[in-house]
Amino acid sequence: FLRACVRARLNILVSGATGTGRTTLLNVLASWVPDDERVVTVEDSSELRLPQNHVVRLEARAPDVEGRGGVGLRELIRTALRMRADRVVVGEVRGDEAFEILSATGAGHDGWLASIHAASPADALARFEVLALLAAGTQAPAHAVRTQVSSAFDVVVHLVRLRDGTRRVMHVAEVGDPCDDGIVVRDLFEFDAEHGLDSTGRLRGRIVPTGLLPVFSDRLAEFGVSPRQMGLDIS
């Protein structure tokens, strides 16, 4: 399902706390980008390792002792768009680069992959909204930014480190419409934890479909994912 989301050029946000494997999953998702596409990675420190032939790596640079010469992620994202990037992969969104991503997705650039530090899919979108608002200042009303965030991303994949030490995908959620309390998210898949541990001490469980059909199901069907493959029995 996630491979089809990547190939269908959906915008995917990976969320989770520190040490949950966000960068590892982001690397896997980005490795599914077709080899004939030009990929630009934007990171604070270079961690992504992609197998494609057309990969350009941009890395932020801290300012010198006099406060000069620094290059942030926001400037790198602008540079990536000028480099005719088919895909932009952002290692972690943590500052004013959030507003730059909204501007790019609003202008028709799709296929974005990014990660953000958050406790849940809803919290990931709320944190992205706050970062974009801080970057915009008084230039944009809050409801307009929230609307842009809801249309900027299609899927949120949330990771959790469980008590047995394993890192699991807990939620694959579809991004819905904005509302007064935030942005609606609907789980398409969720981790079903069974009771007890197995013989190796790992928590038993698996990720299962919730039965909801995503609004972008027609786009996924073009890449080989049918409702039946998502666990839905729809005639």
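**Core packing, strand pairing and aromatic pairs**

In this predicted model, isoleucine 101 contacts Ile77, Val90, Val93, Trp112, Phe128 and Phe153, leaving aside neighbours within four places in sequence. Isoleucine 101 belongs to the largest nonpolar core, which has 34 residues. Within this core, Leu13, Val42, Val90, Val93, Ile101 and Phe128 touch the most other members. At least two core residues each come from strand 2 (39-43), strand 3 (55-59), helix 3 (73-82), strand 4 (87-90), helix 4 (97-106), strand 5 (113-117), helix 5 (121-136) and helix 6 (142-152). Helix 5 contributes the most, with five residues.

Helix 4, which carries isoleucine 101, is mostly covered. Eight of its ten residues are buried. The buried residues are Glu97, Ala98, Phe99, Glu100, Ile101, Leu102, Ala104 and Thr105. Their cover includes helix 3, strand 4, helix 5 and helix 6. Just after helix 4 comes glycine 108, with a positive phi of about 105°.

Strand 2 is also mostly covered, with five of its five residues buried. Val39, Thr41 and Glu43 point one way from the strand. Val40 and Val42 point the other way. Residues on both sides are buried. Val42 is also among the residues that touch the most other members of the largest core. Strand 2 pairs with strand 3 in the parallel sense, over five bridges. Here valine 39 has valine 55 of strand 3 as its bridge partner. Strand 2 pairs with strand 4 as well, again in the parallel sense, over four bridges. In that pairing, valine 40 stands opposite valine 88 of strand 4.

Arginine 22 lies in helix 2 (residues 22-31). This arginine is buried, because its relative accessible area is 10% and the cut-off is under 20%.

The aromatic rings were then examined. The model holds two aromatic pairs. Phenylalanine 1 and phenylalanine 189 form a tilted pair, with 5.0 Å centre to centre and 55° between the planes. This pair links distant parts of the chain, as its members are 188 residues apart. Phenylalanine 1 sits in the segment before helix 1 (2-7). Phenylalanine 189 sits in strand 8 (residues 182-197). Phenylalanine 1 is partly exposed, with a relative accessible area of 22%. Phenylalanine 189 is buried, at 12%.

The rings of phenylalanine 128 and phenylalanine 153 have centres 5.1 Å apart and planes at 80°. The pair is therefore edge-to-face, since the angle is over 60 degrees. Phenylalanine 128 lies in helix 5, and phenylalanine 153 in the loop between helix 6 and strand 6 (155-161), so the pair ties together parts 25 residues apart in sequence. Both phenylalanines are buried. Both are also in contact with isoleucine 101.

Definitions and conventions: Residues numbered from 1 in each chain as written. Predicted model: local features only at pLDDT ≥ 70, side-chain atom pairs only at ≥ 80, totals over all residues. Heavy atoms only, no water. Core = buried A, V, L, I, M, F, W, Y, C linked by side-chain atoms within 4.5 Å. Buried < 20%, exposed > 50% of the residue type's maximum accessible area, 1.4 Å probe, protein only. Contact = heavy atoms within 4.5 Å. Phe/Tyr/Trp six-rings, centres within 6.5 Å; stacked < 30°, edge-to-face > 60°. Pairing = 2+ DSSP bridges.
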